[in-house]
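Please look over the sequence and the model before reading on.

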Amino acid sequence: TTLRRTKIVATIGPASSSAEVLEQLILAGMDVARLNFSHGNAEEHRARALLIREIAARLNRHVALLGDLQGPKIRIARFTNKQIELQNGDTFRLSITHPRDAGNQAVVGIDYPDLVTDCSVGDDLLLDDGRIVMQVTAVTADALDCRVIIGGQLSDNKGINRRGGGLTAPALTEKDKIDIRLAAELDLDYLAVSFPRDAADMNLARRLCAEANCQAWLVAKIERAEAVMNDDALNGLISASDAVMVARGDLAVEIGDAELVGIQKKIIAAARKQNKAVITATQMMESMIHSPMPTRAEVSDVANAALDYTDAVMLSAETAAGEYPVQAVAAMARVCLGAEKNPIMRRSAHRIGQQFERWDESIALAAMYTANHFPGVKAIIALTESGYTPLVMSRIRSSMPIYAFAPSRQTQARVALFRGVYTVPFDPTDSFSTSVSQAAVEELVKRGIVAEGDWVILTKGDSYHTVGGTNTMKLLHVGHIAA
Ligand code: G6P
Ligand code: MG
C-alpha cells in the first residue's frame, strides 16, 4: 500500500465524539484531532481527549491532539427570537449597551466595547463569515449605526470582522488563559492561537503556556489582514510560532476572497522555508456536511493544497457537526493520495543555492538529497527527541517515507502532523545487545517496510536524547549491518 504523505486534521464535535465514530475516523486516516475551544465545555474536551488517546493506543496509531483557542473573535449577542432577517438597505445598530439577550430587527448587543472606537463611518463590517455585509453610517459613544448592503438571516452570536482588518482586540482573552491550563492538563500536542497580530502575541501565548506548564507546540492561525500585509509581518509571526494554520475563514473575510489563494500559497511556502509545519484549513470539504460526496471544486482545493506541499489539510464542521464525518476523512485521504501521484510531488528544487544554518539541518537536508538520488533507498530513519530532525527533512519534496524514531509519547504524537513523517516508538538506550543502527533497521524489517538488500538512511547524534544533536548520517545496507 502507498503511504499518504499529506496529513489530515479533523475537528471533533457532537458528530464525532462517540467511541465508534472516533475509531472510524482514525482508521479512515485522521492524523491530528482538533478540539475547538470555541464550542463545548472542559468536560467534553477532556472526555474526547482521553477517548482518542485510548482508541489510538489500542489501534496502534499515533494521533496528535490540537487545541484551538477561541481568541478575541468579536461576536454579536443574542436575539429575543434567536434570529432576524435583514433586507438590503435596512438600517441596523450594533450597540455595546443594549441588553445581551434582547436583540431585535433594529439593534443587537455586542461584547466588544472597543468596536465603536476601532470603527469609523464608511467601514464595511462583515457578519457571519461575510454572509452579511453592512456599512457604518454613524458612530456614537455606545453604538455603530449601519446600513445593510447584503442582507440575509442573522442569528445569535455570529462573528463580526472589518474588511481590511484592524480591530484592536488583543489575541489572548481570559477564557483563552483558562483553556491554556486545560491544554496543559490534557498534555495537548499542539495549541492554536487565534487572531495573533504579530510575534508579540505568540510570545505572550508562549509565556502563558510556560507558566501553566503546557508543553504544546504553538500554532499561529494566520487570519488577520495585518498578519499578511507584508513579508516582514508574515515572517515575524511564523518565526515566533512552531507551526502555522492558513485559517481561511476569517482571513478571506478580512482580505477579500480574491486575494486568498495567492496568500495561501505564500503562507505555505514561507512556513516551509522556516522549517515550520503548516495546516490548510476551512471549508475544504464543506458540502460534505450534508452530502456523502465532495464537489469537484472541493476535490481540487484539497489536491492543490497537497500539491503546494502543505503538511496537513483540515476538516472543521464536516467532522464536528456534519452528517458524514468518516466519509469526509476518507474522501480527503483519497484525494491527497491521488494528488501525491503527480511527479512534481517527488522532486525537489528546494534550497538550491541556499546556506544551511545548523549542523543538524545540514545533515537532515543531506539525507534528503541522498534519499532522492541514491537508488535502492527505501526509507529514512531519523532518531529524534523533539521531532525537529524529521520536520526539517519533510520540508524537502520526496517520495521517501521518513520514520521518526522517538522515545517520548509527546514526540510520537507531534510528528503525526508532519508531511511524509511516520512514528516509530523507539528508545536508543533500550538496545543493549545490538547496535542502535541495527536495532532501528530491524524494527523496519519487522514491520515489513524494508527487506534484505534495501538501503536505509539513518540520522542521529553522538549522544542519545540530545535535542539538536544530530550530526551523523549513515547509509545502511539491510542484511549487511555490523553489530
Ligand atoms: C535522538 C538521537 C540523538 C539525537 C536526537 C536529535 O535522541 O538518539 O543522537 O541527537 O535524537 O533530536 P532532535 O529533537 O534534534 O531531532
Ligand atoms: Mg478563525
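Helices (H or I, at least four residues) and strands (E, at least two) are DSSP runs, numbered from the N terminus. The model described here is predicted.

With that numbering, Gln-70 is placed in the loop that lies between strand E3 (64-68) and strand E4 (83-86). With 16 other C-beta atoms within 10 Å, Gln-70 is partly exposed, because that term covers residues between the buried class, at 20 or more, and the exposed class, at 12 or fewer. Once its neighbours within four places in sequence are left aside, Gln-70 is in contact with Phe-37, Ser-38, Lys-175, Asp-176 and Ser-194. Although Gln-70 and Ala-192 are 122 residues apart in sequence, their C-alpha atoms are 9.0 Å apart in space.

Another part of the model concerns two packed helices. Helix H1 (residues 19-28) packs with helix H11 (residues 325-340) at an angle of about 5 degrees, and their axes are 9 Å apart. H1 is therefore roughly parallel to H11, since angles under 35 degrees count as such. On the H1 side the contact is made by Val-21, Gln-24, Leu-25 and Ala-28, and on the H11 side by Pro-325, Val-326, Val-329, Ala-330 and Ala-333.

Of the 17 residues around ligand 1, Thr-384, Ser-386, Thr-389, Gly-461 and Gly-469 come nearest. The elements giving two or more residues to this shell are helix H13 (388-393) and strand E20 (455-461).

The table sets out residue classes.

| Site | Nonpolar | Polar | Charged |
|---|---|---|---|
| Contact of H1 with H11 | 8 residues | 1 residue | no residues |

How values were computed:
Residues numbered from 1 in each chain as written. Chains lettered and ligands numbered in written order. Predicted model: local features only at pLDDT ≥ 70, side-chain atom pairs only at ≥ 80, totals over all residues. Near = placed C-beta within 6 Å. Axes fitted to C-alpha atoms, helices over the stretch in contact; angles between N-to-C directions. Parallel < 35°, antiparallel > 145°, perpendicular 65-115°, else oblique. Contact = placed C-beta atoms within 7 Å. Nonpolar A, V, L, I, M, F, W, Y, C, P; charged D, E, K, R; others polar.
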